[in-house]
Amino acid sequence: MPPSSHNKNKRKAEELLKPVEEAAPSAPITAAEDDSDSDTESSSSSTPPIIVLLDLARLETVKTRKGDFELLNCDDHRDLLRKNKKDHKEYRPDIAHQELLALIDSPLNKAGKLKVYLRTQKNVLIEFNPAVRIPRTYKRFSGLVVQLLHKMKIKAANTNTTLLKVIKNPFHNHLPAGTRVYGMSVGGTLYNPASLASTLLGDGGDKAPPVCFVIGCMAAGHVTKEDHPYIEDMFSISEYPLSGACAIARIMGAVENHLGIV
(Lines give C-alpha, C1' and ligand atoms only; values in the text may rest on other atoms or scores of the structure.)
Protein backbone atom coordinates (compact mmCIF):
# COMPACT_ATOMS: atom_id res chain seq x y z
CA MET A 1 0.00 0.00 0.00
CA PRO A 2 1.41 3.46 -0.89
CA PRO A 3 2.47 5.57 2.16
CA SER A 4 -0.12 8.24 1.36
CA SER A 5 -2.98 5.70 1.40
CA HIS A 6 -1.69 4.23 4.61
CA ASN A 7 -1.64 7.66 6.28
CA LYS A 8 -5.19 8.42 5.15
CA ASN A 9 -6.47 5.14 6.55
CA LYS A 10 -4.62 5.76 9.77
CA ARG A 11 -6.11 9.22 10.20
CA LYS A 12 -9.59 7.86 9.48
CA ALA A 13 -9.15 5.12 12.07
CA GLU A 14 -8.04 7.63 14.68
CA GLU A 15 -11.42 9.32 14.47
CA LEU A 16 -13.15 6.18 15.68
CA LEU A 17 -13.46 4.94 19.21
CA LYS A 18 -10.27 3.37 20.55
CA PRO A 19 -9.40 1.26 23.56
CA VAL A 20 -7.85 3.13 26.45
CA GLU A 21 -4.67 1.10 26.30
CA GLU A 22 -3.72 2.63 22.95
CA ALA A 23 -1.73 5.81 22.60
CA ALA A 24 -3.71 9.02 22.52
CA PRO A 25 -4.91 9.70 18.97
CA SER A 26 -5.29 13.06 17.36
CA ALA A 27 -8.40 14.52 18.94
CA PRO A 28 -11.45 14.19 16.68
CA ILE A 29 -12.16 17.87 17.27
CA THR A 30 -10.33 20.97 16.19
CA ALA A 31 -9.96 24.50 17.44
CA ALA A 32 -11.82 27.18 15.53
CA GLU A 33 -10.12 27.76 12.21
CA ASP A 34 -11.16 31.41 12.01
CA ASP A 35 -8.44 33.48 13.69
CA SER A 36 -10.97 36.24 14.27
CA ASP A 37 -12.42 34.19 17.16
CA SER A 38 -9.43 34.87 19.40
CA ASP A 39 -9.35 38.52 18.36
CA THR A 40 -13.01 38.94 19.20
CA GLU A 41 -12.55 37.35 22.59
CA SER A 42 -9.67 39.63 23.55
CA SER A 43 -11.42 42.77 22.32
CA SER A 44 -14.60 41.93 24.25
CA SER A 45 -12.96 40.88 27.50
CA SER A 46 -14.46 43.96 29.23
CA THR A 47 -17.93 42.43 29.03
CA PRO A 48 -18.65 39.95 31.83
CA PRO A 49 -18.89 36.40 30.50
CA ILE A 50 -21.96 34.22 30.60
CA ILE A 51 -21.13 30.95 32.34
CA VAL A 52 -23.13 27.76 31.81
CA LEU A 53 -22.91 24.55 33.81
CA LEU A 54 -24.57 21.53 32.22
CA ASP A 55 -25.40 19.45 35.27
CA LEU A 56 -25.90 15.74 35.99
CA ALA A 57 -24.98 14.44 32.54
CA ARG A 58 -25.03 10.64 32.11
CA LEU A 59 -21.54 10.12 30.75
CA GLU A 60 -20.24 6.71 31.81
CA THR A 61 -17.96 4.34 29.93
CA VAL A 62 -18.47 0.64 29.41
CA LYS A 63 -16.08 -1.98 28.01
CA THR A 64 -17.45 -3.94 25.06
CA ARG A 65 -16.79 -7.56 24.17
CA LYS A 66 -14.26 -6.36 21.59
CA GLY A 67 -12.24 -4.67 24.31
CA ASP A 68 -13.18 -1.15 23.22
CA PHE A 69 -14.83 1.45 25.42
CA GLU A 70 -18.10 3.21 24.62
CA LEU A 71 -20.45 5.62 26.34
CA LEU A 72 -23.15 3.68 28.14
CA ASN A 73 -26.44 4.47 26.40
CA CYS A 74 -30.00 3.21 26.19
CA ASP A 75 -29.81 2.25 22.51
CA ASP A 76 -26.65 0.15 22.34
CA HIS A 77 -26.54 -1.32 25.85
CA ARG A 78 -30.15 -2.02 26.78
CA ASP A 79 -29.48 -5.67 27.69
CA LEU A 80 -26.51 -4.73 29.84
CA LEU A 81 -28.52 -2.09 31.68
CA ARG A 82 -31.40 -4.53 32.22
CA LYS A 83 -28.96 -7.15 33.53
CA ASN A 84 -27.62 -4.65 36.08
CA LYS A 85 -31.16 -3.50 36.99
CA LYS A 86 -30.62 0.04 35.76
CA ASP A 87 -33.30 2.17 34.13
CA HIS A 88 -32.29 2.43 30.49
CA LYS A 89 -34.31 5.63 30.08
CA GLU A 90 -31.83 7.51 32.25
CA TYR A 91 -28.81 6.72 30.09
CA ARG A 92 -29.01 9.48 27.50
CA PRO A 93 -25.53 10.84 26.75
CA ASP A 94 -26.97 12.23 23.51
CA ILE A 95 -28.60 14.97 25.61
CA ALA A 96 -25.16 16.28 26.54
CA HIS A 97 -24.19 16.18 22.85
CA GLN A 98 -27.25 18.20 21.81
CA GLU A 99 -26.81 20.80 24.55
CA LEU A 100 -23.09 21.24 23.92
CA LEU A 101 -23.72 21.79 20.22
CA ALA A 102 -26.29 24.48 21.08
CA LEU A 103 -23.81 26.24 23.37
CA ILE A 104 -20.51 25.95 21.52
CA ASP A 105 -22.08 26.76 18.13
CA SER A 106 -23.82 29.88 19.46
CA PRO A 107 -22.78 33.37 18.33
CA LEU A 108 -22.39 34.19 22.05
CA ASN A 109 -19.56 31.67 22.30
CA LYS A 110 -18.00 32.75 19.02
CA ALA A 111 -18.00 36.33 20.30
CA GLY A 112 -15.99 35.24 23.34
CA LYS A 113 -18.79 35.87 25.84
CA LEU A 114 -19.46 32.30 26.99
CA LYS A 115 -17.73 29.80 29.28
CA VAL A 116 -19.03 26.21 29.43
CA TYR A 117 -18.63 23.52 32.08
CA LEU A 118 -20.25 20.09 32.45
CA ARG A 119 -20.70 17.92 35.52
CA THR A 120 -21.58 14.24 35.26
CA GLN A 121 -23.71 12.23 37.65
CA LYS A 122 -20.45 10.64 38.82
CA ASN A 123 -19.34 14.16 39.84
CA VAL A 124 -16.71 14.52 37.12
CA LEU A 125 -16.31 18.21 36.28
CA ILE A 126 -15.26 19.10 32.72
CA GLU A 127 -14.13 22.48 31.37
CA PHE A 128 -14.52 23.39 27.68
CA ASN A 129 -12.21 25.71 25.78
CA PRO A 130 -14.38 28.20 23.81
CA ALA A 131 -12.36 27.28 20.70
CA VAL A 132 -13.38 23.62 20.83
CA ARG A 133 -15.46 22.21 18.00
CA ILE A 134 -17.93 19.60 19.20
CA PRO A 135 -18.15 16.60 16.80
CA ARG A 136 -21.24 16.77 14.62
CA THR A 137 -22.19 13.10 14.99
CA TYR A 138 -22.99 11.24 18.21
CA LYS A 139 -20.57 8.41 17.40
CA ARG A 140 -17.60 10.75 17.18
CA PHE A 141 -18.79 12.64 20.25
CA SER A 142 -18.94 9.37 22.16
CA GLY A 143 -15.39 8.53 21.15
CA LEU A 144 -14.20 11.96 22.23
CA VAL A 145 -15.81 11.73 25.67
CA VAL A 146 -14.41 8.23 26.24
CA GLN A 147 -10.92 9.55 25.53
CA LEU A 148 -11.48 12.50 27.85
CA LEU A 149 -12.80 10.43 30.77
CA HIS A 150 -9.86 8.05 30.55
CA LYS A 151 -7.07 10.49 29.70
CA MET A 152 -8.36 13.54 31.65
CA LYS A 153 -7.70 16.03 28.84
CA ILE A 154 -7.95 16.45 25.07
CA LYS A 155 -5.55 18.65 23.09
CA ALA A 156 -5.86 20.04 19.58
CA ALA A 157 -4.29 17.89 16.86
CA ASN A 158 -1.74 20.42 15.59
CA THR A 159 -1.17 22.65 18.62
CA ASN A 160 -0.61 22.29 22.33
CA THR A 161 -3.97 23.91 23.14
CA THR A 162 -6.07 22.01 25.69
CA LEU A 163 -9.62 21.88 24.36
CA LEU A 164 -11.28 19.83 27.09
CA LYS A 165 -10.06 18.81 30.53
CA VAL A 166 -11.29 17.30 33.75
CA ILE A 167 -10.91 19.81 36.57
CA LYS A 168 -11.10 19.70 40.33
CA ASN A 169 -14.40 20.02 42.20
CA PRO A 170 -16.29 21.89 43.55
CA PHE A 171 -17.66 23.90 40.64
CA HIS A 172 -18.21 27.15 42.53
CA ASN A 173 -14.45 27.44 43.10
CA HIS A 174 -14.09 28.13 39.36
CA LEU A 175 -16.59 31.00 39.33
CA PRO A 176 -15.29 34.59 39.26
CA ALA A 177 -15.89 36.62 42.41
CA GLY A 178 -19.37 38.11 42.53
CA THR A 179 -20.90 35.71 40.01
CA ARG A 180 -24.69 35.48 40.27
CA VAL A 181 -25.90 31.91 39.81
CA TYR A 182 -29.36 30.89 38.59
CA GLY A 183 -30.87 27.45 38.08
CA MET A 184 -33.17 26.42 35.27
CA SER A 185 -36.25 24.35 36.10
CA VAL A 186 -39.73 23.90 34.66
CA GLY A 187 -40.98 24.61 38.18
CA GLY A 188 -39.06 27.89 38.49
CA THR A 189 -40.39 31.43 38.17
CA LEU A 190 -41.60 31.97 34.61
CA TYR A 191 -39.81 34.64 32.58
CA ASN A 192 -39.91 35.78 29.00
CA PRO A 193 -36.35 35.08 27.72
CA ALA A 194 -35.88 38.70 26.59
CA SER A 195 -36.98 40.14 29.93
CA LEU A 196 -34.85 37.59 31.77
CA ALA A 197 -31.73 38.65 29.85
CA SER A 198 -32.53 42.32 30.46
CA THR A 199 -33.12 41.77 34.17
CA LEU A 200 -29.99 39.70 34.78
CA LEU A 201 -27.53 41.54 32.54
CA GLY A 202 -28.74 45.13 32.92
CA ASP A 203 -26.90 47.45 30.54
CA GLY A 204 -24.09 44.90 30.08
CA GLY A 205 -21.52 47.36 31.42
CA ASP A 206 -18.14 46.58 32.95
CA LYS A 207 -19.50 46.74 36.51
CA ALA A 208 -22.20 44.14 35.93
CA PRO A 209 -21.37 40.85 37.71
CA PRO A 210 -20.90 37.65 35.69
CA VAL A 211 -24.01 35.47 35.37
CA CYS A 212 -24.01 31.67 35.60
CA PHE A 213 -26.85 29.44 34.42
CA VAL A 214 -27.07 25.89 35.81
CA ILE A 215 -28.97 23.77 33.27
CA GLY A 216 -29.95 20.13 33.62
CA CYS A 217 -28.36 17.62 31.26
CA MET A 218 -30.41 14.53 32.16
CA ALA A 219 -33.41 12.69 30.74
CA ALA A 220 -35.65 13.30 33.77
CA GLY A 221 -35.63 15.57 36.79
CA HIS A 222 -34.22 19.05 37.15
CA VAL A 223 -31.56 21.13 38.87
CA THR A 224 -32.15 21.78 42.59
CA LYS A 225 -30.81 24.20 45.17
CA GLU A 226 -29.92 21.22 47.33
CA ASP A 227 -27.26 20.27 44.79
CA HIS A 228 -26.14 23.89 44.36
CA PRO A 229 -26.78 25.95 47.52
CA TYR A 230 -25.23 29.02 45.88
CA ILE A 231 -28.10 29.27 43.33
CA GLU A 232 -29.95 32.53 43.97
CA ASP A 233 -33.17 31.71 42.15
CA MET A 234 -34.78 29.11 39.89
CA PHE A 235 -36.37 30.20 36.63
CA SER A 236 -38.28 28.86 33.66
CA ILE A 237 -38.48 30.35 30.16
CA SER A 238 -41.62 28.62 28.90
CA GLU A 239 -44.93 27.42 30.21
CA TYR A 240 -44.27 24.19 28.29
CA PRO A 241 -41.65 21.51 29.00
CA LEU A 242 -38.67 22.05 26.68
CA SER A 243 -35.70 19.94 25.73
CA GLY A 244 -32.42 21.20 27.13
CA ALA A 245 -31.12 22.16 23.69
CA CYS A 246 -34.29 24.13 22.91
CA ALA A 247 -34.15 25.96 26.24
CA ILE A 248 -30.48 26.80 25.69
CA ALA A 249 -31.23 28.17 22.23
CA ARG A 250 -33.89 30.47 23.69
CA ILE A 251 -31.59 31.71 26.47
CA MET A 252 -28.59 32.22 24.21
CA GLY A 253 -30.73 34.03 21.63
CA ALA A 254 -32.12 36.40 24.26
CA VAL A 255 -28.69 37.16 25.69
CA GLU A 256 -27.20 37.70 22.23
CA ASN A 257 -30.01 40.07 21.33
CA HIS A 258 -29.56 41.99 24.58
CA LEU A 259 -25.79 42.32 24.05
CA GLY A 260 -26.18 43.22 20.38
CA ILE A 261 -24.44 40.09 19.08
CA VAL A 262 -25.66 39.14 15.60
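The dialogue below works through how several features of this predicted model can be read.

Q: What should be kept in mind about the numbering and the model?
A: Residues are numbered from 1 along each chain as its sequence is written, and side-chain values use heavy atoms, with hydrogens and water left out. Since this is a predicted model, local features need pLDDT of at least 70 and side-chain atom pairs count only at pLDDT 80 or more, whereas totals for chains, interfaces and linings use all residues.

Q: How many helices and strands are there in the protein?
A: Helices (H or I, at least four residues) and strands (E, at least two) are DSSP runs, numbered from the N terminus; in the protein there are eight helices and 10 strands.

Q: What share of the residues of the protein counts as buried?
A: Buried means under 20% relative accessible area, exposed over 50%, and partly exposed in between (1.4 Å probe, protein chains only). Of the 262 residues, 44% are buried by this criterion. As for contacts (heavy atoms within 4.5 Å), residues 24 or more positions apart account for 73% of those with a separation of 6 or more.

Q: At what angle do the axes of helix H7 and helix H8 cross?
A: Axes are lines fitted to C-alpha atoms, for helices over the stretch in contact, with angles running from 0 to 180 degrees between N-to-C directions. The axes of H7 (residues 193-201) and H8 (residues 244-259) come within 8 Å and cross at roughly 55°, which makes H7 oblique to H8, given that angles under 35 degrees count as roughly parallel, over 145 as roughly antiparallel, 65 to 115 as roughly perpendicular and the rest as oblique. A crossing is left-handed if the near helix is turned anticlockwise from the far one by less than a right angle, and right-handed if clockwise; H7 passes H8 in a right-handed crossing. On the H7 side, Pro193, Ala194, Ala197, Ser198 and Leu201 meet Arg250, Ala254, Val255, His258 and Leu259 of H8. With Ala, Val, Leu, Ile, Met, Phe, Trp, Tyr, Cys and Pro counted as nonpolar, Asp, Glu, Lys and Arg as charged, and the others, Gly among them, as polar, this contact has seven nonpolar, two polar and one charged residues.

Q: How do the axes of H4 and H8 cross?
A: The axes of H4 (residues 93-104) and H8 come within 8 Å and cross at roughly 15°, so H4 is roughly parallel to H8, and this crossing is right-handed. Gln98, Glu99, Ala102 and Leu103 of H4 make the contact with Gly244, Ala245, Ile248 and Met252 of H8, and these residues divide into five nonpolar, two polar and one charged.

Q: Is Ile251 buried or exposed?
A: Ile251, found in helix H8, is buried, with a relative accessible area of 3%. Leaving aside neighbours within four places in sequence, Ile251 is in contact with Met184, Phe213, Ile215, Phe235 and Ile237; Phe213 is 38 residues away in sequence, with a C-alpha to C-alpha separation of 9.5 Å.
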